[in-house]
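Biologist: I would like to go through this model term by term. For each label, please give the value and the cut-off behind it.

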Amino acid sequence: MYSETSNPNNKPKDLPQRMQSTPSIEVVDLCQRVTDSSGVLDILSRVSFTVGTGEAVAITGSSGSGKSTLLGLMAGLDVPTSGSVHLLGHDLFSLDEEARAQLRARYVGFVFQAFHLLPNLTALENVMLPLELRGEPARAAAVSMLERVGLRDRLNHYPRTLSGGEQQRVSLARAFVQRPAILFADEPTGSLDEQNGRRVTDLMFGLHEEQGTSLVLVTHDPALADRCHRELRLSGGRLLAPAALE
Ligand SMILES: Nc1ncnc2c1ncn2[C@@H]1O[C@H](COP(=O)(O)OP(=O)(O)OP(=O)(O)O)[C@@H](O)[C@H]1O
Ligand SMILES: [Mg+2]
């Protein structure tokens, strides 16, 4: 079984030394097993790795390999069968659901594969919401972030009146407006054309560079994976050794 600690050569590329010293995320022996009518299915098997503060990591692998499951567990949206995740030193699964939600609200942005916009709120209101929940001024920051994703003239549209790519960009704006310490994104450029894909990629890496945000990106896009310091590839719920990526 591969574990990062067993491979001293798996150094992130071009990462300043200071960024490697403090792990932002530590995943240890994470397992997710589900049982349904056809029997037991191991969706994740003993997955271990760390993400340094300010590091950008791509999670790749074929459809069904466990990428979204892993991302959901790292963000504490779901609870694993066994194993642990530490976010900024906090042991996620020793906290109750409410404490996990508070930790997420404070430090984590999440861009879902399905965009999870609230249908009864406009684009602007969707992006304002996380700031309002924190009691912070929201409108100007939300407008500015929607402009940065190219949606200045869609502020008052409800999700059902936005295209898939526009919804994706609203969901990115909602994650970015919080200026999170950690950004998890599941196929963030999946429904975007090349121009908009580049725009949101530049935005993500801009945030990462300006604010030292750690990025964990699930992607099928080799160009996006290549902009990250490191790629972790899943196959059948297991992490492949770096040699398998060559
Ligand atoms: N609650 C569940 N019960 C049973 N099987 C599940 C459950 N959730 C996920 N799975 C299965 O676990 C596997 C991994 O799912 P996951 O969504 O993590 O894949 P993925 O790598 O994100 O795929 P994609 O690239 O298609 O988004 C899939 O085969 C899926 O069918
Ligand atoms: Mg997925």
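Modeller: E187 is a place to start, in the loop between strand 7 and helix 7. Helices (H or I, at least four residues) and strands (E, at least two) are DSSP runs, numbered from the N terminus. The model is predicted: local features need pLDDT of at least 70, side-chain atom pairs count only at pLDDT 80 or more, and totals for chains, interfaces and linings use all residues. Residues are numbered from 1 along each chain as its sequence is written, while chains are lettered from A and ligands numbered from 1 in the order in which they are written.

Biologist: What decides whether E187 is buried or exposed?

Modeller: A count of C-beta atoms, placed from the backbone: 20 or more others within 10 Å means buried, 12 or fewer exposed, and in between partly exposed. E187 has 21 other C-beta atoms within 10 Å, so it is buried.

Biologist: Which residues is E187 in contact with, leaving aside neighbours within four places in sequence?

Modeller: Q113, V218, T219 and H220. Contact requires the C-beta atoms of two residues, placed from the backbone, to lie within 7 Å. V111 is 76 residues from E187 in sequence, and the two C-alpha atoms are 8.2 Å apart.

Biologist: What makes strand 8 mostly covered?

Modeller: Strand 8 (residues 214–218) has five of its five residues buried. S214, V216 and V218 point one way and L215 and L217 the other way, with all of them buried.

Biologist: How do you know that strand 8 pairs with strand 3 and with strand 7?

Modeller: Two strands pair if DSSP finds at least two bridges between them. Strand 3 (residues 56–60) has four bridges to strand 8 and runs parallel to it, and strand 7 (residues 182–186) has five bridges to strand 8, again in the parallel sense. Both counts meet the cut-off of at least two, so both are pairs. A56 is opposite L215, and D186 has V218 as its bridge partner.

Biologist: Why are strand 2 and strand 5 called edges of their sheet?

Modeller: The sheet is open and has four strands in the order 2-1-4-5, with antiparallel pairing. Strand 2 and strand 5 (90–91) each have a single partner strand, so one side of each has no neighbour in the sheet.

Biologist: How many bridges hold the pairs made by strand 1?

Modeller: There are 10 bridges between strand 1 and strand 2, running antiparallel, and five between strand 1 and strand 4 (residues 82–87), also antiparallel. T35 stands opposite V40 in strand 2, and C31 has S82 of strand 4 as its bridge partner. A hairpin of two residues links strand 1 to strand 2.

Biologist: What lies across these strands?

Modeller: Helix 2 lies across strand 1, strand 2 and strand 4, at about 125 degrees to strand 1.

Biologist: Which residues come nearest to ligand 1?

Modeller: S63, G64, K67, S68 and T69, out of 13 residues around the ligand. A residue is near a molecule if its C-beta atom, placed from the backbone, lies within 6 Å of it. Strand 1 (23–36), strand 2 (39–52) and helix 2 (67–74) each give two or more residues to this shell, and helix 2 gives the most, three.

Biologist: What classes make up the shell around ligand 1?

Modeller: Three nonpolar, eight polar and two charged residues. Ala, Val, Leu, Ile, Met, Phe, Trp, Tyr, Cys and Pro count as nonpolar, Asp, Glu, Lys and Arg as charged, and the others, Gly among them, as polar.

Biologist: Why is helix 6 called roughly parallel to helix 7?

Modeller: Axes are lines fitted to C-alpha atoms, for helices over the stretch in contact, and angles run from 0 to 180 degrees between N-to-C directions. Under 35 degrees counts as roughly parallel, over 145 as roughly antiparallel, 65 to 115 as roughly perpendicular and the rest as oblique. Helix 6 (residues 164–176) and helix 7 (residues 194–211) pack at about 5 degrees, with axes 11 Å apart. That angle is under 35 degrees, so helix 6 is roughly parallel to helix 7. G165, R169, L172 and F176 of helix 6 meet N196, V200, L203 and L207 of helix 7. Five of the residues in this contact are nonpolar, two polar and one charged.

Biologist: Which residues of helix 4 are buried?

Modeller: In helix 4 (residues 123–133) they are A123, L124, N126, V127 and M128, and helix 5 (139–148) and helix 6 are among the elements covering them.
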